[in-house]
Amino acid sequence: MTQPGKLVIACFAFLATVTLLHAHVNLGMFERADVVSVDGQTSVRKSLRVGHLPVTCHLTCPVTSWVSKHSEQHSEFVSWRYTSWPAMTEDIDAGNLDAAFILAPLAMVMQRQGTPVKIVHLGHRDGTAIVVREDSPYQSFEDLRGKRIAIPHRYSNQRILVEKLKDEYRFTNADITMIDYPPPEMPAGLKSGQFEAYIVGEPFAAKAEMDGFGRVLYFTKDIWPDFISCVLVVTERLIERDPELVAELVQGISASGKWIDEGDGRLMAGLREEDSDQVGEVTIPKDFGSSPRMQAAMIAARQEYYNQDPELLKFVLTRPIDRVRYTQLNLAKDDFKEIQQYAEQLGFFSFRPVTADDPFGFEDYCDPSFEQSGMWTLPVGQEGQD
């Protein structure tokens, strides 16, 4: 065989190896499904990857993943971390991801563009803040006239909130500059002077506070009560293929949120307190606290989930306690009415305007039917110490 021929074969072999590794490591195409026995009947345990960013708006995702890992009563929901919205939406478009937590307006835009996704549950309430430098003179939104503010995405509710404040304070479009900026990089951007303020989901607001150079100008809970940033979406192909799995996912997310906000002091399976004889992969340090919120912080901080400092997550989940909430997550038309009005006003659907002849509304991008299927029983056991 000629040298060029050998080179071509070697290249094909290399590409094939990379493709197979990608399919296994990133897409899980060759992962073994768990085989479980229930009442003497052997069955294959279903598994579904659920995309998220390392933000507390998505906290119910790692908690549900952890619960499913420690309870064979449920299918396995694998929490799959992304670092940007484009990477996540690209995987949805490519057919590599069938469930994810994404920005509410972005989900609406995707559906309008022809990506078949449905919002099936909310991710949270509140959990976003506007941050300025600690040493800045800014005391209200009025003081940001003529300044730059970073937003997480052009199709975000954070952008819509800025637009609402612009209307309230009678700003023109020229009075403030909005900059799309990756949420994890916002604290560093503020510190280095890339902009004068940023609006973002936690924990990236708290990060600037904890590091001593940022302060919260507004919590969204104080200026837009029951604020929604992110929602749980699934693809219509998954709904058609396995509606029971979608219902189970919604049940898990709903149960996880209720546990975070309203659970008692019992420890979740897989957790143990320091200096105790309990068994678990995660040890809760002394004085950290073991309320459900503190347990959720320890779970989410793990490398396979957020890979963050648990003290940062503790800060977000306690200061104040209602900084972000995980109950009242059922879909409601009224929650989306104002979001869609602003989305239309801002040209989010300019590629396909909403008209009487081509309508678009709640029923097109939301499917609340799965929320009526109940909630999981979570594997909680021994009492912890708050």
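## Salt bridges across the chain

A salt bridge is here a side-chain nitrogen of Lys or Arg within 4 Å of a carboxyl oxygen of Asp or Glu, and a search of the whole structure, which is a predicted model, finds 27 salt bridges. One of them joins Asp-98 to Arg-237, with the closest N and O atoms 2.6 Å apart. Because Asp-98 lies in the loop between α3 (85-93) and β5 (99-103) while Arg-237 belongs to helix α9 (residues 236-241), this pair ties together parts of the protein that are 139 residues apart in sequence. Asp-98 is buried, with a relative accessible area of 13%, whereas Arg-237 is partly exposed, with a relative accessible area of 30%.

A salt bridge also connects Glu-202 with Arg-323, and its closest N and O atoms are 2.7 Å apart. This pair, too, links distant parts of the chain, since Glu-202 is in the loop between β11 (197-201) and α7 (204-210) and Arg-323 is in the loop between α12 (310-318) and β17 (324-325), 121 residues apart. Both Glu-202 and Arg-323 are buried.

The salt bridge between Arg-266 and Asp-264 has its closest N and O atoms 3.1 Å apart. Arg-266 counts as partly exposed at 32% relative accessibility, and Asp-264 counts as partly exposed at 37%. Elsewhere, salt bridges that share partners join Asp-98, Arg-237 and Arg-241 into one network.

## Overall make-up

The protein contains 14 helices and 18 strands. Of its 386 residues, 54% count as buried. Among the contacts with a separation of 6 or more, 76% are made by residues 24 or more positions apart.

Thr-56 is placed in the loop between β3 (47-52) and α2 (60-69), and it counts as buried at 0% relative accessibility. When its neighbours within four places in sequence are left aside, Thr-56 is in contact with Glu-202, Pro-203, Tyr-306, Leu-313, Val-316, Val-324 and Tyr-326. Glu-202 in this list is the residue that forms a salt bridge with Arg-323, and Leu-313 and Val-316 are among the buried residues of α12.

Tyr-198 is found in strand β11, where it counts as buried at 0% relative accessibility. Leaving aside neighbours within four places in sequence, the residues in contact with Tyr-198 are Ala-129, Ile-130, Val-131, Ile-149, Ala-150, Met-186, Pro-187, Leu-190, Phe-204, Ala-205 and Ala-208. Tyr-198 and Leu-217, which are 19 residues apart in sequence, are 9.8 Å apart in space from C-alpha to C-alpha.

## Helix pairs

Helix α5 (residues 157-168) and helix α13 (residues 333-345) pack at an angle of about 80°, and their axes are 10 Å apart. Angles of 65 to 115 degrees count as roughly perpendicular, and α5 and α13 are therefore roughly perpendicular to each other. On the α5 side the contact is made by Asn-157, Ile-160, Glu-163, Lys-164 and Asp-167, which meet Glu-338, Ile-339, Tyr-342, Ala-343 and Gln-345 in α13. The residues of this contact divide into four nonpolar, two polar and four charged.

In a second pair, the axes of helix α10 (residues 243-262) and helix α11 (residues 292-300) come within 6 Å and cross at roughly 125°, so that α10 and α11 are oblique to each other. Here Trp-259, Ile-260 and Asp-261 in α10 meet Pro-292, Arg-293, Gln-295 and Ala-296 in α11, and the residues of the contact divide into four nonpolar, one polar and two charged.

## Helix α12

At the start of α12, a side-chain oxygen of Asp-309 reaches to within 2.9 Å of the backbone nitrogen of Glu-311. The buried residues of α12 are Leu-312, Leu-313, Lys-314, Phe-315, Val-316 and Leu-317, and these residues pack against α7, α11 and β17. An α-helix has 3.6 residues a turn, so residues three or four places apart point the same way.

Definitions and conventions
Residues numbered from 1 in each chain as written. Predicted model: local features only at pLDDT ≥ 70, side-chain atom pairs only at ≥ 80, totals over all residues. Heavy atoms only, no water. Axes fitted to C-alpha atoms, helices over the stretch in contact; angles between N-to-C directions. Helix = DSSP H or I, 4+ residues; strand = E, 2+ residues; numbered from the N terminus. Parallel < 35°, antiparallel > 145°, perpendicular 65-115°, else oblique. Contact = heavy atoms within 4.5 Å. Nonpolar A, V, L, I, M, F, W, Y, C, P; charged D, E, K, R; others polar. Buried < 20%, exposed > 50% of the residue type's maximum accessible area, 1.4 Å probe, protein only. Polar contact = N/O pair within 3.5 Å; in protein donor to acceptor, adjacent residues only side chain to side chain.
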